[in-house]
Amino acid sequence: MKILVCVKQVPDMDSRFRPNSAGVWFDEADLDWRMNEYDEYALEQALQLKEQLGEAPEVTVLSIGPDRVVEVIKKALAMGCDRGIHVSDPEVVFKDPWQVAGIIAACAGEDGFDLVFTGMQSQDRGSAQVGVIAAELLGIPCVTTLVGFSFNDGVITARRELEGGSRGIVRLRPPALFTCQSGLNSPRYPTLPNILKSRKKEIRTIPVEDLPASTPLSVTTGFYPPARKGSGIVLEGELSGLVDRLMEILRGKCAAVRL
């Protein structure tokens, strides 16, 4: 069995984000970078399946971006992946989900993967479209918002998160693509022995120019923080007095709305 895991490097969400000079993305200066949280669940699920099936499955990790994304590939190799693919593309942040999915499909189609795992969405863009579009381009079934996974006798039983806290159960056979949701598992930490082993593992670099190009279907025209709507009010003092003050404030706001 051949398994592909797609991971993305995203800014740490505790960073302070500012629009760049072009106003279409954030300024990357002084940002810290990490693996996308949802991709960590995808990676862990692939590694658990590898452990279940023994050494036969090969797990490949794929990441698209500039040279710095090699760091998340190295982390995935240290966690247990067998080899890495880096699609070198410094301009990937300006590509829409259709183009990114096309890159993934071009790489996955060459190697004939049985299973593909991705995160449900990325923490920076949050489109939740790349995985499902890649599955469509590959012509394989797609199971989204994965929160449960088991594999027995060639059959996958997948539990999906639906609206309102409900769950859906899907059974299928490979090949298939899965987008992974939080709660699916608890991602592991790289161990020192695996970190040392990972230094000998292959990372193949593919220039994005060597892959088929897709025309964007959408373009980012603006990137900006939401406007402030006003400051909050903190009330301090005895509870009985606070209630009266709160009622006065609410009456004043209601009167202003009527006017």
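**Figure 1. Salt bridges across the whole structure.** A search of the whole structure finds 10 salt bridges, a salt bridge being a side-chain nitrogen of Lys or Arg within 4 Å of a carboxyl oxygen of Asp or Glu. The model is predicted, and local features need pLDDT of at least 70, side-chain atom pairs count only at pLDDT 80 or more, and totals for chains, interfaces and linings use all residues. Residues are numbered from 1 along each chain as its sequence is written, and side-chain values use heavy atoms, with hydrogens and water left out.

**Figure 2. Close-up of Glu44 and Arg188.** A salt bridge joins the side chains of Glu44 and Arg188 at 2.8 Å, N to O. Because Glu44 lies in helix H1 (residues 37-53) and Arg188 in the loop between strand E10 (176-180) and helix H5 (192-198), the pair ties together parts 144 residues apart in sequence. Helices (H or I, at least four residues) and strands (E, at least two) are DSSP runs, numbered from the N terminus. Glu44 is buried at 3% relative accessibility, whereas Arg188 is partly exposed at 25% relative accessible area; buried means under 20%, exposed over 50% and partly exposed in between (1.4 Å probe, protein chains only).

**Figure 3. Close-up of Arg188 and Glu51.** The side chain of Arg188 also forms a salt bridge with that of Glu51 (2.6 Å, N to O). This pair links the loop between E10 and H5 to helix H1, 137 residues apart. Glu51 is exposed, with a relative accessible area of 52%.

**Figure 4. Close-up of Asp111 and Arg83.** The side chains of Asp111 and Arg83 form a salt bridge of 2.9 Å, N to O. Asp111 belongs to helix H3 (residues 97-111) and Arg83 to strand E5 (residues 83-88), 28 residues apart. Arg83 is buried at 13% relative accessibility.
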